[in-house]
Amino acid sequence: MKQSTKQLEPKKNCMINKLLQQFLKHIDSFLMVCLFFTLMVGLFVLYSASGQSISRVYGQGLNIIVALSFMWVAANIAPNQLERIALPLYVLGVFLLICVQLFGHISHGAQRWLDIGPIKIQPSEIMRIAMPMMLAWYFSKREGKPKMADFAIGGLLLLVPVALIMKQPDLGTALLITASGFYVLFLAGLSWKLLLGSAVLFAASTPILWSMLHDYQRKRIEILLDPTQDPLGAGYHTIQAIIAIGSGGAAGKGWLNGTQAQLDFLPERTTDFIFAVFGEEFGLLGNLLLLLLFTLIIMRGLVIASQAQSTFSRLLAGSITLTFFTYAFVNMGMVSGILPVVGVPLPLISYGGTSMVTLCLSLCILMSV
């Protein structure tokens with residue numbers, strides 16, 4: 001019996017080695033190392049931000065395991081296979097967004113979810129992946145330099161889901177999807193003259209756009225300009241976040257010693273405002289370390305995009321990388337008081353299963369490329 005057990009051990013080790021080799025086959029080691037360290041930083045700061053809640057950290061750990069499982073699947077899908085599913089995925093996403101408008105679940109004044117049996121899904125999250133894939137597929141079919149008509153059609157493909165998401169309303173997700181689609185248009189060769197003209201047109205249409213915003217969205221912009229006009233209401237989040245980051249100083253107050261977070265002054269500290277917790281406890285030096293990790297991920301993504309073998313892969317990888325940059329920039333700007341509060345999580349750090357899976361899927365598409 002002992003002899004047979006000894007014989008089984010080499011076979012078991014061989015199977016484990018094969019599984020590891022299969023897992024690592026399509027994994028970009030540099031990107032994976034940066035991702036691992038960023039996720040570990042996220043767990044450390046989440047433990048503090050949640051009031052030292054083991055259950056919260058455990059929940060995020062499960063989110064990471066699920067995300068890594070999706071990562072392995074995505075990393076083993078070849079770019080040409082992704083190209084084949086781009087159109088069906090986009091159509092499915094738009095269809096589900098229309099279903100949300102017709103009979104979606106309403107919570108806290110927003111209609112963003114669909115109840116499908118025992119589970120609840122947010123179709124706008126699908127568009128975070130489907131939108132850049134769709135536009136990358138569309139422009140990969142246009143040989144040579146795309147014409148203005150191609151960019152007009154691309155803009156229309158982008159406008160449809162963004163308009164549906166704005167109606168929910170979900171300004172943060174709409175902003176990120178707009179950014180992901182715009183980056184594909186830009187990388188496909190969108191003219192600088194057209195960009196400048198669009199910027200002038202946007203500035204001229206500001207009064208019209210202002211009238212289309214919801215009251216709470218206007219309030220966010222007003223609070224951005226002067227958060228002290230409502231210090232205990234709409235401006236409270238921004239004021240407390242600025243106090244937290246500023247009080248951290250150069251080296252921070254130390255892990256678990258941040259007063260704004262530990263004494264419950266800082267709202268949404270495990271999700272949208274977790275960067276304020278990090279800044280208070282680890283200071284400027286910690287912020288620079290986090291920025292370095294994000295910068296390394298972004299630089300590696302741009303290198304992958306530049307070495308892509310097809311137009312579809314190049315546009316998709318470039319859009320994913322620049323959208324990751326947008327995630328980080330918007331969240332840090334929002335928490336620092338230089339951008340309005342729009343509900344964008346800090347990538348790989350904020351608590352949340354959906355955003356974690358979406359981000360990790362995007363990064364593993366980069367590895368696939």
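## Accessibility and basis of the model

Buried denotes a relative accessible area under 20%, exposed over 50%, and partly exposed the range in between (1.4 Å probe, protein chains only). The structure is a predicted model, in which local features need pLDDT of at least 70 and side-chain atom pairs count only at pLDDT 80 or more, whereas totals for chains, interfaces and linings use all residues. Residues are numbered from 1 along each chain as its sequence is written, and side-chain values use heavy atoms, with hydrogens and water left out.

## Salt bridges

With a salt bridge taken as a side-chain nitrogen of Lys or Arg within 4 Å of a carboxyl oxygen of Asp or Glu, the count comes to five. Among them is the pair E83 and K141, whose closest N and O atoms are 3.6 Å apart. This pair joins distant parts of the chain, its two members being 58 residues apart. E83 belongs to helix α4 (residues 79–103), while K141 sits in the loop between α5 (123–140) and α6 (148–166); helices here are DSSP runs (H or I, at least four residues), numbered from the N terminus. K141 is partly exposed, because its relative accessible area is 45%.

D150 and R142 form another of the salt bridges, and there the closest N and O atoms are 3.6 Å apart. The two partners fall into separate accessibility classes: D150, at a relative accessible area of 13%, is buried, whereas R142, at 28%, is partly exposed. In the salt bridge between D264 and R269, the N to O distance is 2.7 Å. D264 has a relative accessible area of 52% and is therefore exposed.

## Packing of α2 against α3

Helix α2 (residues 29–49) and helix α3 (residues 54–75) have axes that come within 9 Å and cross at roughly 160°. Each axis is a line fitted to C-alpha atoms over the stretch in contact, and angles run from 0 to 180 degrees between N-to-C directions. The two helices α2 and α3 are therefore roughly antiparallel (over 145 degrees).

On the α2 side, the residues that take part are M32, L35, L39, L43, L46 and Y47. These meet I54, R56, V57, Q60, G61, I64, L68 and M71 of α3, contact being defined as heavy atoms within 4.5 Å. By residue class, the contact of α2 with α3 comprises eleven nonpolar, two polar and one charged. Nonpolar covers Ala, Val, Leu, Ile, Met, Phe, Trp, Tyr, Cys and Pro; charged covers Asp, Glu, Lys and Arg; the others, Gly among them, are polar.

Helix α3 also holds V66. At a relative accessible area of 40%, V66 is partly exposed. The C-alpha atoms of V66 and C360 are separated by 9.7 Å, although these residues are 294 residues apart along the chain.

## Packing of α5 against α7

Helix α5 packs with helix α7 (residues 171–187) at an angle of about 15°, and their axes are 9 Å apart. The pair α5 and α7 is therefore roughly parallel (under 35 degrees).

From α5, the contact draws on S124, M127, R128, M131, P132, L135, A136 and F139. The partners contributed by α7 are T173, L176, I177, S180, G181, V184 and L185. The residues of the contact of α5 with α7 comprise ten nonpolar, four polar and one charged.

F103 is placed in helix α4. At 57% relative accessibility, F103 is exposed. Not counting residues up to four places away in sequence, F103 touches Q111 and L114. The C-alpha atoms of F103 and L114 are separated by 7.7 Å, with the two residues eleven residues apart along the chain.

N287 lies in helix α13 (residues 274–306). Its relative accessible area is 11%, so N287 is buried. Once residues up to four places away in sequence are set aside, N287 touches F275, F278 and G279.

S336 is located in helix α14 (residues 311–336). With a relative accessible area of 33%, S336 is partly exposed. Apart from its neighbours within four places in sequence, S336 is in contact with I242, I245 and F275. The C-alpha atoms of S336 and G301 are separated by 26 Å, and these residues are 35 residues apart along the chain.

Methods. Angles under 35 degrees count as roughly parallel, over 145 as roughly antiparallel, 65 to 115 as roughly perpendicular and the rest as oblique.
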